[in-house]
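Please look over the sequence and the model below. The paragraphs that follow go through the fold, the confidence and the surface.

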Amino acid sequence: MRILAIAAAVLALTVASAQAQMGGGRRHANEGGAKADSKPKVDEKAYKAALERIPESKERYDPWSGARPSEPAKKPK
């Protein structure tokens, strides 16, 4: 009888922890739908205008400039 009581207690604790991890199934998946719709929409004209305000670079960016010398050494003849 004692073993049965211990097994029931272990089973109850296991079910309780599993229910806590899974949320108990009380909430619906679409409950937060109003929050997802409240994101601000990006204005396409403002986006393009912001891109045009970025100045053009006069020099090309070389990401490998630190790994090799900028000018290769020329061999004298």
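This is a predicted model: local features need pLDDT of at least 70, side-chain atom pairs count only at pLDDT 80 or more; totals for chains, interfaces and linings use all residues.

Which residues make the nonpolar surface patch of about 430 Å²? The patch is made by Val42, Tyr47, Leu51 and Ile54. Leu51 belongs to helix 3, which covers residues 44-52. This residue is partly exposed, because its relative accessible area of 44% falls between the 20% limit for buried and the 50% limit for exposed.

The average pLDDT of the protein is 76, and 66% of the residues score at least 70. Among the elements, helix 3 has the highest mean pLDDT, 91. Helix 2, residues 33-37, has the lowest, with a mean of 53.

As for the fold, the protein has three helices and zero strands. Along the sequence this reads as the pattern α-α-α.

The protein has 77 residues, and 0% of them count as buried. Its accessible surface comes to about 8700 Å². Carbon and sulfur atoms account for 59% of that surface.

Conventions. Residues are numbered from 1 along each chain as its sequence is written. Side-chain values use heavy atoms; hydrogens and water are left out. Patches are made of residues with over 30% relative accessible area and no salt bridge: like charges are joined within 9 Å, nonpolar side chains (Val, Leu, Ile, Met, Phe, Trp, Tyr) within 5 Å. Accessible areas come from the Shrake-Rupley method with a 1.4 Å probe; for residues, only the protein chains shown count as cover. A salt bridge is a side-chain nitrogen of Lys or Arg within 4 Å of a carboxyl oxygen of Asp or Glu. Helices (H or I, at least four residues) and strands (E, at least two) are DSSP runs, numbered from the N terminus. Buried means under 20% relative accessible area, exposed over 50%, partly exposed in between (1.4 Å probe, protein chains only). pLDDT is the predictor's confidence in each residue, from 0 to 100.
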